[in-house]
Amino acid sequence: MTQRLATVEDIPALVEMGQKFHTMSPHASMGAYDPEAVARVIAFMIESPQSVVLTNGTGAIGATYAPIFFGPSQWLCEENFFFSEGRGGFDLLDGLIEHARGWGASHVSMSTLENAKAHVIDRLMTRKGFRFIERRYIKELPK
C-alpha cells in the first residue's frame with residue numbers, strides 16, 4: 001500500500017489504529033486510551049508544520065521535528081507513534097525517512113517496543129540503517 005500524508009478525514013481511522021496499538025502494547029499499563037484526546041493530538045500534528053503524520057490505510061506513523069538539543073543547527077525527526085498491520089510498515093518508515101530528508105532533518109529517531117519480537121525488530125531496523133544508541137525506562141510515580 002502506498003503511504004501518503006494524513007488529512008483530518010483520516011483521524012477516525014487513525015484513532016482506531018491507536019486503540020489497537022494501545023491494547024497490545026506495554027503502554028496500556030500507563031493509563032486508559034482516550035480517543036477524544038488522541039484525535040486532538042493527531043489533528044494538531046496534521047496541521048503543524050513541525051510534525052508529520054503518514055498513513056497507508058492499514059497503518060500510520062507520526063513524528064515531530066525539533067532541533068537536536070546539543071547541536072541546534074541540526075534537526076531531528078523524532079517518531080511519536082508507529083503502527084502497522086501487515087507489510088505496509090516499511091513503506092510508512094521509508095515515507096517518514098524521505099519526508100525528514102525533504103524537511104531538512106539530519107537524523108530520524110525511532111523507538112521500538114520491548115517484547116518477544118524485539119530481536120526481530122532490531123534486525124529489521126538495523127537493515128534499514130538505524131543503530132541502537134540508548135534505552136528508555138519508565139517509572140510509575142505513586143499518587
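Before you click, note that the model is predicted, so local features need pLDDT of at least 70 and side-chain atom pairs count only at pLDDT 80 or more, while totals for chains, interfaces and linings use all residues. Residues are numbered from 1 along each chain as its sequence is written, and side-chain values use heavy atoms, with hydrogens and water left out.

**Stop 1: salt bridges**

A search of the whole structure turns up four salt bridges (a side-chain nitrogen of Lys or Arg within 4 Å of a carboxyl oxygen of Asp or Glu). Here are some to look at.

Select K20 and E85, whose side chains form a salt bridge at 3.4 Å, N to O. This pair ties together distant parts of the chain, 65 residues apart: K20 sits in helix α1 (residues 11–24), and E85 in the loop between β4 (71–84) and α3 (89–103). Helices (H or I, at least four residues) and strands (E, at least two) are DSSP runs, numbered from the N terminus. Show the surface and you'll find K20 partly exposed, at a relative accessible area of 36%. E85 is partly exposed too, at 39%. For these labels, buried means under 20% relative accessible area, exposed over 50%, and partly exposed in between (1.4 Å probe, protein chains only).

Next, pick D94 and K128, a salt bridge at 2.6 Å, N to O. Again distant parts of the chain are linked, 34 residues apart, with D94 in helix α3 and K128 in the segment after α4 (118–127). D94 has 33% relative accessibility and counts as partly exposed; K128 is partly exposed at 29%.

R101 is exposed at 55% relative accessibility, whereas E98 is partly exposed at 48%.

**Stop 2: α1 against α2**

Now show α1 and helix α2 (residues 35–47), which pack at about 125 degrees with their axes 9 Å apart. The axes are lines fitted to C-alpha atoms, for helices over the stretch in contact, and angles run from 0 to 180 degrees between N-to-C directions. That angle makes α1 oblique to α2 (under 35 degrees is roughly parallel, over 145 roughly antiparallel, 65 to 115 roughly perpendicular, and the rest oblique).

Which residues of α1 and α2 make the contact? Select I11, L14 and V15 of α1, then P35, V38, A39, I42, A43 and I46 of α2. Contact here means heavy atoms within 4.5 Å.

**Stop 3: P67**

Jump to P67 in strand β3 (residues 59–68). P67 is partly exposed, at 40% relative accessible area. Leaving out residues up to four places away in sequence, P67 touches P72, Q74 and W75. Draw a distance from P67 to S106 as well: they are 39 residues apart in sequence and 9.7 Å apart in space, C-alpha to C-alpha.

**Stop 4: M30**

Finish at M30, in the loop between α1 and α2. Is M30 buried or exposed? At 54% relative accessibility, M30 counts as exposed.
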